[in-house]
Amino acid sequence: MTQTTTRVLEPSDLGAALAVLESEPVANAFVTSRVQVAGLDPWRLGGEMWGWYADGRLRSLCYSGANLVPICATPEAVRAFADRARRAGRRCSSIVGPAEPTARLWRLLEPSWGPARDVRARQPLMVTDRPSPDVEPDPYVRRIRKEEMDVIMPACVAMFTEEVGISPMAGDGGLLYQARVAELVGAGRSFARVDDGKVVFKAEIGAATSQACQIQGVWVAPEYRGRGLSETGMAAVLRYALDDVAPVVSLYVNDYNLPARAAYRRVGFQEVGAFMSVLF
């Protein structure tokens with residue numbers, strides 16, 4: 001019979017963990033990018049990495065930090081991760097990952113962790129490796145400079161509040177969120193069109209590895225919506241991403257956001273799978 005075990009991974013397990021992560025470079029880009037920078041030390045990583053072994057081989061992972069993220073998780077691995085998460089108690093603000101294992105994980109955790117503030121059961125994962133010839137990139141979309149934090153922050157806060165339903169400035173006064181925005185600005189992965197000192201379109205390249213990167217935080221100022229800025233702006237960010245970051249670009253979007261899904265398809269993205277998010 002197959003012998004299985006689950007344990008917290010240590011820095012010496014880095015090679016095996018990266019082999020699992022890199023087996024699905026697009027779906028795992030968020031966690032892979034963190035592990036490549038921080039390794040597996042919980043203090044640097046911002047959480048623990050759980051490993052599920054079958055017959056002595058590492059086959060599935062689960063990142064347990066601010067988010068709980070199942071990675072390449074088989075049904076048996078999901079059950080093991082749910083047991084560990086249940087014993088530890090909820091410490092995360094969300095569960096997010098590929099739809100099928102995430103849904104299975106949530107079904108096991110909901111009796112003890114529920115109710116959730118919001119469950120987004122299907123968020124299409126969209127991918128492209130080339131820009132569409134049909135949408136001209138907005139020439140006014142550019143990288144945000146470090147001295148422009150006061151320009152970009154109100155737009156970032158508005159996007160987060162609109163998307164998640166709570167302000168990122170709650171709790172710690174927004175210190176962690178401001179630090180993350182500053183990190184992306186400093187890395188040259190924050191982009192916007194700024195007209196007369198006001199951000200009218202913005203997006204970031206969040207997770208980034210040599211194999212794939214993920215666009216996030218797409219936002220158009222309400223008074224500018226309906227003018228096609230999401231398409232031309234995304235075309236510009238996509239150009240930067242493909243030229244400077246990775247050969248494959250992804251994003252995921254709420255399934256009910258039909259205008260955004262249509263806009264991303266026009267820019268060149270195709271739906272290849274789905275994510276799921278459980279928000280607390």
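**Sheet pairing, helix packing and salt bridges**

In strand S11, Val249 is the bridge partner of Thr128. Helices (H or I, at least four residues) and strands (E, at least two) are DSSP runs, numbered from the N terminus. Two strands pair if DSSP finds at least two bridges between them. The model is predicted: local features need pLDDT of at least 70, side-chain atom pairs count only at pLDDT 80 or more, and totals for chains, interfaces and linings use all residues. Residues are numbered from 1 along each chain as its sequence is written, and side-chain values use heavy atoms, with hydrogens and water left out.

Strand S6 (residues 118–128) pairs with S11 (residues 249–252) in the antiparallel sense, over four bridges. Val127 stands opposite Ser250 in S11. Val127 also stands opposite Gln270 in S12. S6 and S12 run antiparallel and are joined by eight bridges.

These strands belong to an open sheet of 12 strands with mixed pairing, in the order S1-S2-S3-S4-S5-S12-S6-S11-S10-S9-S8-S7. Strand S1 (4–8) and strand S7 (141–143) are the edge strands, each pairing on one side only. Neighbouring strands are turned by 25° against each other on average, direction ignored. Axes are lines fitted to C-alpha atoms, for helices over the stretch in contact; angles run from 0 to 180 degrees between N-to-C directions.

Helix H5 (residues 99–113) lies across S4 (67–71), S5 (94–98), S6 and S12 (270–279). H5 runs at about 155° to S5. Helix H6 (residues 149–164) packs on the sheet and touches S6, S8 (190–195), S9 (198–208), S10 (213–220) and S12. The direction of H6 makes about 70° with that of S9. Contact means heavy atoms within 4.5 Å.

The whole structure holds 19 salt bridges (a side-chain nitrogen of Lys or Arg within 4 Å of a carboxyl oxygen of Asp or Glu). Arg120 forms one with Asp118, with the closest N and O atoms 2.9 Å apart. Arg120 is buried at 10% relative accessible area, whereas Asp118 is partly exposed at 26%. Buried means under 20% relative accessible area, exposed over 50%, and partly exposed in between (1.4 Å probe, protein chains only).

Lys198 and Glu223 meet in a salt bridge at 3.3 Å, N to O. This pair links distant parts of the chain, 25 residues apart: Lys198 lies in S9, Glu223 in the loop between S10 and helix H8 (229–244). Glu271 forms a salt bridge with Arg265, the closest N and O atoms being 3.3 Å apart. Salt bridges that share partners join Arg142, Arg145, Glu147 and Glu148 into one network.
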